[in-house]
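Morning, everyone. Please look at the sequence and the structure on the screen. I'll start with a question.

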Amino acid sequence: MNNYETVFILNPVLSDEQIKETVKKYEDFLVSKGAEMVAKEDWGLRKLAYPIQHKKSGFYHLFEFKAPGEVIEPLELEFRRDERMMRYLTVKLDKHAIAWAEKRRKRNKEKA
């Protein structure tokens, strides 16, 4: 099992209900493929650095999870098929990135 982090941007015209439904869909997809969710973060509506599909903002979400490597390709295929998805990026975390992510989660928990 490898550690991964996926950040994805959802279309800003979606309602809160549609956003929750989309996030739940991908979380359930990962769990059904044998992934273990480590953390989930909703970064909210943010301005984009450049327009994507003529949109200037998007809803950012982050998933941190442990999964076998063969889960990533089907996940990204689902992302490509979904018209609500504007961009996504999945990276494999090394030991330093894992330590940094734990520190970030702890810092965010203290702020809340």
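Leaving aside its neighbours within four places in sequence, which residues is His 61 in contact with? Hold that thought while I give you the ground rules. This is a predicted model, where local features need pLDDT of at least 70 and side-chain atom pairs count only at pLDDT 80 or more, while totals for chains, interfaces and linings use all residues. Residues are numbered from 1 along each chain as its sequence is written, and side-chain values use heavy atoms, with hydrogens and water left out.

Now the answer. His 61 is in contact with Thr 6, Val 7, Phe 8, Leu 10, Ile 19, Val 23, Glu 41 and Asp 42, once neighbours within four places are set aside. Contact here means heavy atoms within 4.5 Å. His 61 sits in strand β3. Is His 61 buried or exposed? His 61 is buried, because its relative accessible area is 6%. The cut-offs are these: buried is under 20% relative accessible area, exposed is over 50%, and partly exposed is in between, with a 1.4 Å probe and protein chains only.

Let's step back to the whole chain. The secondary structure comes to 3 helices and 4 strands. Helices (H or I, at least four residues) and strands (E, at least two) are DSSP runs, numbered from the N terminus. Along the sequence, the pattern reads β-α-β-β-α-β-α.

What about overall size? The C-alpha trace spans about 40 × 35 × 25 Å along its principal axes. Of the 112 residues, 38% are buried. Now take contacts between residues at least 6 apart in sequence: 77% of them join residues at least 24 apart.

Next, the sheet. In what order do its strands lie? The order is β2-β3-β1-β4, in an open sheet of 4 strands with antiparallel pairing. Two strands pair if DSSP finds at least two bridges between them. The edge strands are β2 (36–52) and β4 (85–92), and each pairs on one side only. On average, neighbouring strands are turned by 20° against each other, direction ignored. Axes are lines fitted to C-alpha atoms, for helices over the stretch in contact, and angles run from 0 to 180 degrees between N-to-C directions.

Look at β1 and β3. Strand β1 (residues 2–10) and strand β3 (residues 55–67) run antiparallel and are joined by 9 bridges. Phe 8 stands opposite His 61 in β3. Helix α2 (residues 72–81) packs on the sheet and touches β1, β3 and β4; its direction makes about 165° with that of β4. Helix α3 (residues 95–111) also packs on the sheet. Helix α3 touches β1, β2 and β3, and its direction makes about 85° with that of β2.

Tyr 4 stands opposite Phe 65 in β3. On the other flank, β2 and β3 pair in the antiparallel sense over 11 bridges. There, Asp 42 stands opposite His 61 in β3.

Now the turn. The hairpin of β2 and β3 has 2 residues between the strands. Gln 53 lies in that loop, with a positive phi near 55°. His 54 is in the loop between β2 and β3 too, and its phi is near 65°, a positive value in a residue other than glycine. Gln 53 is partly exposed, because its relative accessible area is 42%. His 54 is exposed, because its value is 80%.

Finally, the inside. In soluble globular proteins, nonpolar side chains tend to be buried together. A nonpolar core is a set of buried Ala, Val, Leu, Ile, Met, Phe, Trp, Tyr and Cys residues joined through side-chain atoms within 4.5 Å. The largest one has 19 residues, of which Phe 8, Leu 10, Leu 30, Phe 63, Phe 65 and Leu 75 touch the most other members. β1, α1 (16–32), β3 and α2 each supply at least two residues of this core. α1 gives the most, with 5 residues. Apart from this core lies another, of 5 residues, among them Ile 9, Leu 48, Tyr 60 and Met 86.
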